[in-house]
Amino acid sequence: MNAMNRYANSAEAPDFDAPQIMRRTRRRRAVGIGAVAAALLAAGGGTALATSVAGGSHAAPSSAVTKSDATTLLFDNHGVTIPIDFARLDLVLAKQTLLKTQTKLGTVTEKAAKNCKPGSVVGVDPHTPKIVKSGDTVNLTLCAN
């Protein structure tokens with residue numbers, strides 16, 4: 001037993017660099033959030049093309065807002081802005097997305113537009129470049145075809 005105590009006491013205690021571990025954890029979290037944001041942007045890029053093709057004849061006069069901006073909600077998640085593309089989502093999926101962001105559903109209107117699936121989202125308000133936070137109200141415009 002005495003030999004075992006000598007052996008146990010001869011090993012050096014591990015040295016933990018807590019600040020380095022915290023920096024590494026924060027860096028991994030930031031990279032993870034960036035990857036999710038990039039995936040959302042990439043997923044939104046494909047639907048943005050479909051949305052621009054699905055433009056309506058009743059569109060507002062030319063402005064700086066593009067069709068993809070009209071369906072993109074910028075959500076402030078504790079200081080990190082996350083773009084959420086509502087293009088072509090139906091009302092049920094749009095409501096689920098609003099629940100996840102803890103935003104409130106405002107008015108739901110319909111608008112005639114070409115080449116869109118009836119009942120799919122063709123606009124959100126407020127949309128890019130405005131940023132919404134939890135508790136804010138979001139209005140949806142659906143395809144009426």
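Reader: Which relative accessible area counts as buried?
Author: This is a predicted model. A residue over 50% relative accessible area is exposed, and one in between is partly exposed. Buried means under 20%.

Reader: Is Cys 116 buried or exposed?
Author: The cut-off for buried is under 20% relative accessible area. Cys 116 has a relative accessible area of 14%. Cys 116 is therefore buried.

Reader: Which residue forms a disulfide with Cys 116?
Author: A disulfide is a covalent bond between the sulfur atoms of two cysteines. Here the sulfur atoms of the pair are 1.8 Å apart, and the cut-off is within 2.5 Å. The count comes to one disulfide. The partner of Cys 116 is Cys 143.

Reader: How many residues apart are Cys 116 and Cys 143?
Author: Cys 116 sits in the loop between β3 (104-111) and β4 (121-125). Cys 143 belongs to strand β6 (residues 137-143). The pair links distant parts of the chain, 27 residues apart.

Reader: What is the handedness of the disulfide of Cys 116 and Cys 143?
Author: Look at the torsion about the S-S bond. For this pair the torsion is about 65°. The disulfide is therefore right-handed.

Reader: Is Cys 143 buried or exposed?
Author: Cys 143 has 2% relative accessibility. Buried means under 20%. So Cys 143 counts as buried.

Reader: Which residue forms a salt bridge with Asp 76?
Author: Side chains of opposite charge can pair when their charged atoms come close. The cut-off is within 4 Å, and the closest N and O atoms of this pair are 3.9 Å apart. The count comes to one salt bridge. The partner of Asp 76 is Lys 133.

Reader: How many residues apart in sequence are the parts that Asp 76 and Lys 133 tie together?
Author: Asp 76 lies in strand β1 (residues 72-77). Lys 133 lies in the loop between β5 (131-132) and β6. So the pair ties together parts that are 57 residues apart.

Reader: What is the relative accessible area of Lys 133?
Author: Partly exposed lies between the buried cut-off, under 20%, and the exposed one, over 50%. Lys 133 is partly exposed, because its relative accessible area is 47%.

Reader: Which helix holds Arg 24?
Author: Arg 24 is partly exposed, with a relative accessible area of 35%. Arg 24 gathers with Arg 23, Arg 27 and Arg 28 in a surface patch of positive charge. Its helix, residues 18-53, is α2.

How values were computed: Residues numbered from 1 in each chain as written. Predicted model: local features only at pLDDT ≥ 70, side-chain atom pairs only at ≥ 80, totals over all residues. Heavy atoms only, no water. Patch = residues over 30% accessible without salt bridge, like charges linked within 9 Å, V, L, I, M, F, W, Y side chains within 5 Å. Areas by Shrake-Rupley, 256 points an atom, 1.4 Å probe, with all protein chains shown as cover. Salt bridge = Lys/Arg side-chain N within 4 Å of Asp/Glu carboxyl O. Lys, Arg positive; Asp, Glu negative; His and termini not counted. Charge placed at Lys NZ, Arg CZ, Asp CG, Glu CD. Helix = DSSP H or I, 4+ residues; strand = E, 2+ residues; numbered from the N terminus. Buried < 20%, exposed > 50% of the residue type's maximum accessible area, 1.4 Å probe, protein only.
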